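Please open the structure in your viewer and keep the selection tool at hand.

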Amino acid sequence: MLRAVQVFLLSSLFLSAWSAAVAAPEAYIVSPKDGDVVTSPVTVVFGLSGYGVAPAGTMKEKTGHHHLIIDAPLPDFSQPIPANDNYRHFGGGQTQATVELPPGEHTIQLLLGDFAHMPHASPIYSEVVTITVR
Ligand SMILES: [Cu+2]
């Protein structure tokens with residue numbers, strides 16, 4: 001019985017270590033939440049797991065910087081991420097941003113870019129969050 005418990009504990013330890021090692025990196029918007037009604041300016045908090053945040057220009061494996069996509073679709077992954085009001089770069093390594101948005105419904109989404117503002121080979125992007133600015 002004790003032996004069975006030991007085997008079980010060891011295998012679950014091994015499994016959790018293994019799944020942590022192979023878990024896909026993930027970008028997510030911590031806040032606001034999907035469906036939130038907010039006032040402008042809106043502070044958007046960026047989340048990232050499995051990868052690190054590094055400023056643009058820093059060539060380091062498994063890192064990138066955040067891009068906030070506002071009211072626009074994901075861009076062409078084979079090109080550098082556009083830079084305009086709809087695709088905002090946070091090349092300083094910022095993990096949150098405060099943006100002015102006119103009243104109405106808006107979508108926001110994160111896309112990680114590498115040192116050269118390119119999406120990664122397996123692009124890392126968040127779910128789309130829809131908010132309403134009062
Ligand atoms: Cu960029």
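**The whole chain**

Display the entire chain as a cartoon, bearing in mind that this is a predicted model. The protein chain contains 1 helix and 9 strands. Read from the N terminus, the order of the elements is α-β-β-β-β-β-β-β-β-β. Of the 134 residues in the chain, 17% are buried. Consider next the contacts between residues at least 6 apart in sequence: 64% of them join residues at least 24 apart.

**Strand E8 and its partners**

Select residues 104-113, which form strand E8, together with residues 63-70, which form strand E5. E5 and E8 run antiparallel and are joined by 6 bridges. To find one of the paired positions, select Ile 70; its bridge partner in E8 is Ile 108.

**The nonpolar core**

Which residues have the most contacts inside the largest nonpolar core? Select Ile 108 and Leu 110, which hold that position in a core of 14 residues. Strands E1 (26-31), E3 (42-49), E5 and E8 each give two or more residues to this core. E8 supplies the largest share, namely 4 residues.

Keep Ile 108 selected and show its surroundings. Beyond its neighbours within four places in sequence, Ile 108 is in contact with Ile 29, Val 44, Leu 68, Ile 69, Ile 70, Val 129 and Ile 131.

Is Val 128 buried or partly exposed? A residue needs 20 or more other C-beta atoms within 10 Å to be buried; Val 128 has 14, and is therefore partly exposed. Setting aside residues up to four places away in sequence, Val 128 touches Thr 107 and Gln 109. If you draw a distance line from the C-alpha atom of Val 128 to that of Leu 74, it spans 9.8 Å, although the two residues are 54 residues apart along the chain.

Most peptide bonds are trans, and most residues other than glycine have a negative phi. The next two stops concern the peptide bonds.

Select Ser 31 and Pro 32: the bond joining them is cis, with omega of about 0°. Pro 32 is placed in the loop between E1 and strand E2 (37-38).

Then select Ser 40 and Pro 41, where the peptide bond is again cis, with omega near 0°. Pro 41 belongs to the loop between E2 and E3.

**Two residues with positive phi**

Select Asp 71, in the loop between E5 and strand E6 (87-90). Asp 71 is not a glycine, yet its phi is positive, at about 55°. Asp 71 is partly exposed, because 13 other C-beta atoms lie within 10 Å.

Finally, select His 117, in the loop between E8 and E9. His 117 likewise is not a glycine and has a positive phi, of about 65°. Why does His 117 count as partly exposed? There are 19 C-beta neighbours inside 10 Å of His 117, whereas a buried residue requires 20 or more.

How values were computed: Residues numbered from 1 in each chain as written. Predicted model: local features only at pLDDT ≥ 70, side-chain atom pairs only at ≥ 80, totals over all residues. Buried ≥ 20, exposed ≤ 12 C-beta atoms within 10 Å, placed from the backbone. Contact = placed C-beta atoms within 7 Å. Core = buried A, V, L, I, M, F, W, Y, C linked by C-beta atoms within 7 Å. Pairing = 2+ DSSP bridges.
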